[in-house]
Amino acid sequence: MLALSVVLDHLGGGKADHLVGGRLAVQLFYVISGFLISYVLTATDHYQGAVGKFYANRFLRLFPIYLGVAAMTLAAHALSGGEFFQFYEALPSSAELFLVLSNIFILGQDWLMFFGIKDSALAFTGSFANSEVPLYQGLLVPQAWTLGVEMSFYLVAPFILASPRRLLTLLAASLALRGVLIATGIGLGDPWTYRFFPTELALFLIGSLSHQVLLPRYKAWTVKAARLPELGTAVLFAYCLLHFSIGVNPTVRDGLAVLLFAALLPAAFLFQSRYRLDRAIGELSYPVYICHALVIMILDWLFDEIDVHQPMLFAIVVITSCIAFSALLNALIADPVERLRNRLRTNAGEPDAPAPAADARRRPAAARPLGSIRRAP
C-alpha cells in the first residue's frame with residue numbers, strides 16, 4: 001500500500017492524494033524499517049557480535065535489485081536518444097563526480113537534495129530547487145534517495161538499538177532538532193521536511209520502540225484475543241484507504257498516522273507470520289518502489305500522451321506493470337541472492353556453524369521463529 005502510494009504520487013495528475021500520499025508513505029517506511037531492524041538486531045541471534053555481517057546482509061538486500069534497475073534505466077536512456085547524458089555535459093566536474101558516485105553507492109543521494117549549481121559550481125544551497133539545474137535529474141533511480149536515509153540508519157543502528165538510554169536520548173535529540181528547524185522556518189520546506197536524516201532518525205527510533213515495547217505486549221494480548229493481529233492489520237489497511245478523507249490539519253493528520261502505525265505495527269508483524277500470501281505481497285514492495293520510475297518512463301514512450309488523455313487507464317497499466325516487473329526482479333535477482341543472505345544470517349555470530357540442515361527447513365510453521373520472513377528484514 002505504501003509503495004503504491006509513492007507510485008501514484010509520481011504519476012501526478014491529481015493522483016498524489018490517493019492512499020497516504022508519497023511523502024507520508026516514505027516516512028512510514030522509516031517507521032517500519034526501525035521496527036524490523038530492531039527485531040533483527042535485538043530479538044534474534046543473527047548478528048550478535050557480527051556488525052560486519054549485518055552490513056553485508058543489508059547490502060545484499062538493497063543493492064542487487066537497485067543496481068539491476070539502475071543498469072536497465074541507463075540502457076533505456078541510451079536507447080532513447082541520450083538526453084540524460086547531455087544533462088551531465090552541462091555540469092561542473094565536481095557535480096558529475098557527486099552524481100556518479102551516488103548513483104553507484106546510493107549513499108549521498110539524500111544529501112544531493114541539499115546541493116545545487118550556483119555560478120556554474122557545485123554548492124550547498126539548502127534545497128535542490130535553489131539550483132541552476134536540478135541535480136536530481138542526474139539520478140538513474142531518483143526515488144532511491146530514501147535508501148540513502150535508510151543506509152544512514154543502518155550505519156548507526158547496531159550501536160544504539162541495544163541500549164534504551166541511547167535510543168531514547170537520540171529520539172529526544174532528533175525530535176528537538178526538528179522542533180528547532182520548524183521554529184526557525186528551515187524545517188517547513190522540502191528537502192528539510194523528510195529528507196534530512198538527523199530529523200528523520202526519530203521515525204526509525206519510534207519504530208524501534210514499537211518493536212521493543214509493544215511487540216511483547218501484543219504477543220501476550222494475542223493469547224487472549226487470537227484475532228488481534230487481523231484486527232490491527234485491517235485498521236492499517238483501512239487507514240491507507242481513508243487517510244485523505246480525515247478532515248483535520250494535514251500536519252496533525254500525518255503525525256497521528258505515524259503514531260497509529262507505530263501502535264499497530266506489532267499486530268501487522270504477527271499477522272504476516274500467519275499468512276504466506278501477506279508475506280508474498282510484502283516481498284513486492286521494495287522492487288515496486290525501485291522500478292516504478294523506469295516503468296513509468298518506458299510506458300510514457302510506448303503510449304505517447306496516454307497519461308494525459310486516459311490517466312486512469314495509464315495508472316492501471318503502470319501499477320500492473322510494476323507488480324509484474326517486481327515479481328520478475330524477485331525471481332531473477334532477489335531469490336538467488338537470498339540464499340547467500342540466509343547463509344549470512346545462519347552463520348552470523350557462529351564462525352564455525354554448519355549450514356542449516358534440510359530437516360530444520362522442513363520444521364512445521366509453529367516451530368519456526370515467530371515473524372520469519374523470506375526476504376526481509
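**Contacts and overall form**

Q: With which residues is Leu-161 in contact, leaving aside its neighbours within four places in sequence?
A: The model is a predicted one, and contact here means heavy atoms within 4.5 Å. On that basis, and with neighbours within four places in sequence left aside, the partners of Leu-161 are Ile-37, Ser-38, Leu-41, Thr-42, Phe-153, Leu-167, Leu-205, Ser-208 and Gln-212.

Q: Why does the chain count as compact as a globular protein of its length?
A: The chain is built with 16 helices and two strands. For 377 residues the globule rule gives 21 Å, and the chain counts as that compact because its radius of gyration is close to this value, at 21 Å.

Q: What share of contacts between residues at least 6 apart in sequence joins residues at least 24 apart?
A: The C-alpha trace spans about 60 × 50 × 45 Å along its principal axes, and 48% of the 377 residues count as buried. Among the contacts in question, the share that joins residues at least 24 apart is 73%.

Q: How far apart do the centres of the positive and negative side chains lie?
A: The chain carries 28 positive and 25 negative side chains, and the centres of these two sets are separated by 16 Å.

Conventions:
Residues are numbered from 1 along each chain as its sequence is written. This is a predicted model: local features need pLDDT of at least 70, side-chain atom pairs count only at pLDDT 80 or more; totals for chains, interfaces and linings use all residues. Side-chain values use heavy atoms; hydrogens and water are left out. Helices (H or I, at least four residues) and strands (E, at least two) are DSSP runs, numbered from the N terminus. The radius of gyration is taken over C-alpha atoms; the globule rule is 2.2 Å times the number of residues to the power 0.38. Buried means under 20% relative accessible area, exposed over 50%, partly exposed in between (1.4 Å probe, protein chains only). Lys and Arg count as positive and Asp and Glu as negative; His and the chain ends are not counted. The place of a charge is taken as NZ of Lys, CZ of Arg, CG of Asp or CD of Glu.
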